[in-house]
Amino acid sequence: MKVISVVNHKGGVGKTTVTFNFGAELVHREYKVLLIDFDMQGNLTKGAGIKNGDKLKDTIAHSMDLIIDGNTCEPGILNTGIENLDIVPCNVSMADTKLKLQLAMARELVLDKVIKNIKRKYDYDYILIDNAPTIELDFQNSLVASDEVLIVTNPDIFSTEGMASLLREYTKIRMYFNKENLKIAGILINNADGRTNFTRDMIKAVKTIWKDNINVFDTIIPQSVRVKESQASHQPIRRYDKNNKVALGFSSFTDEYLSLQN
């Protein structure tokens with residue numbers, strides 16, 4: 001069971017879109033996948049079609065609260081409507097849990113304990129964590145609980161210039177929590193408008209800056225209005241329009257990711 005954190009501490013780069021569609025692509029390849037919504041905005045929960053997400057009590061925050069209070073937890077796992085693609089939801093209750101984390105014993109290990117409970121009881125192949133745009137304590141929890149980090153960025157200066165601070169936090173997690181096996185799966189460039197010279201220049205810049213240290217996936221996920229349409233219908237783009245260029249992009253990215261695991 002591999003745990004992957006999908007990250008970037010800038011909002012709006014498409015982490016939620018990537019998490020949902022990457023999960024759907026893995027399921028299409030006959031893997032069993034659990035999504036964890038780890039952002040109190042709950043966009044992954046909403047995007048997966050979970051009804052009344054804002055009112056749910058059995059969320060990832062609730063599971064973490066139980067661990068903080070010294071109890072065991074049974075995470076509230078829901079099906080997305082797609083076989084073998086499940087989700088642990090999140091909503092605004094996460095704000096209170098983040099405050100409780102500040103005073104918790106072994107506070108960086110709380111999510112890890114939740115996920116270990118999941119591993120004992122379920123047989124998922126992959127757990128994908130959709131993170132909030134932050135490098136605070138919740139981000140640290142996510143990395144401590146993970147095997148890999150997938151960095152999602154847009155081909156623009158604001159999305160890429162903050163990666164250095166994100167990587168510093170990643171290095172600290174490896175150092176302080178004995179996570180030498182934690183690795184960066186790579187940088188995925190998302191939402192690219194290939195028609196502009198600026199986008200092409202930014203893609204080239206990302207690959208040039210990081211090529212010696214971090215894998216930058218060859219696959220570039222393009223822009224398409226069909227993505228927003230698929231989100232509105234609570235479907236991965238593969239199901240909504242399998243021949244769309246974004247659907248083909250996520251399929252190519254998943255094949256590329258899996259090829260690097262061998």
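1. Lysine over an aromatic ring. In this predicted model, Lys32 is placed over the face of Tyr124, at 5.3 Å from the ring centre.

2. Aromatic pairs. The structure contains 6 aromatic pairs. One of them joins Phe217 and Phe253 in an edge-to-face arrangement, with 5.0 Å centre to centre and 85 degrees between the planes. Phe217 belongs to strand S8 and Phe253 to helix H12, so this pair ties together parts that are 36 residues apart in sequence. Both Phe217 and Phe253 are buried. A single aromatic cluster is formed by Phe22, Tyr31, Tyr126, Phe217, Phe253 and Tyr257.

3. The sheet. An open sheet with mixed pairing is built from 8 strands, in the order S3-S4-S2-S5-S1-S6-S7-S8. Strand S3 (78-82) and strand S8 (216-222) each have a single partner strand, so one side of each edge strand is left without a neighbour in the sheet. On average, neighbouring strands are turned by 25 degrees against each other, direction ignored.

4. Salt bridges across the chain. The count of salt bridges comes to 17. In one of these, Asp255 pairs with Arg29, the closest N and O atoms being 2.9 Å apart. Asp255 lies in helix H12 and Arg29 in the loop between helix H1 (15-28) and strand S2 (33-38), so that distant parts of the chain, 226 residues apart, are linked. Asp255 is partly exposed, at 42% relative accessible area. A further salt bridge joins Asp69 and Lys100 (3.4 Å, N to O). Because Asp69 lies in the loop between helix H3 (60-68) and S3, and Lys100 in helix H4 (residues 94-103), the pair ties together parts 31 residues apart in sequence. Lys100 is partly exposed, with a relative accessible area of 32%.

5. Arg195 and Asp193 form a salt bridge with the closest N and O atoms 2.8 Å apart. Arg195 is exposed, at 70% relative accessible area, whereas Asp193 counts as buried, at 15%. Elsewhere, salt bridges with shared partners join Glu25, Arg29, Arg238 and Asp255 into one network.

6. A buried loop residue. Asn244 is located in the loop between helix H11 (237-240) and helix H12 (245-259). With 9% relative accessibility, Asn244 counts as buried. Neighbours within four places in sequence aside, Asn244 is in contact with Ser224, Arg226 and Ile237.

Note on methods: Residues are numbered from 1 along each chain as its sequence is written. This is a predicted model: local features need pLDDT of at least 70, side-chain atom pairs count only at pLDDT 80 or more; totals for chains, interfaces and linings use all residues. Side-chain values use heavy atoms; hydrogens and water are left out. Helices (H or I, at least four residues) and strands (E, at least two) are DSSP runs, numbered from the N terminus. Buried means under 20% relative accessible area, exposed over 50%, partly exposed in between (1.4 Å probe, protein chains only). Contact means heavy atoms within 4.5 Å. Two strands pair if DSSP finds at least two bridges between them. Axes are lines fitted to C-alpha atoms, for helices over the stretch in contact, and angles run from 0 to 180 degrees between N-to-C directions. Rings of Phe, Tyr and Trp (its six-membered ring) pair if their centres lie within 6.5 Å; planes under 30 degrees apart count as stacked, over 60 as edge-to-face and the rest as tilted. A charge sits over a ring if NZ of Lys or CZ of Arg is within 6 Å of the ring centre and within 35 degrees of the ring normal. A salt bridge is a side-chain nitrogen of Lys or Arg within 4 Å of a carboxyl oxygen of Asp or Glu.
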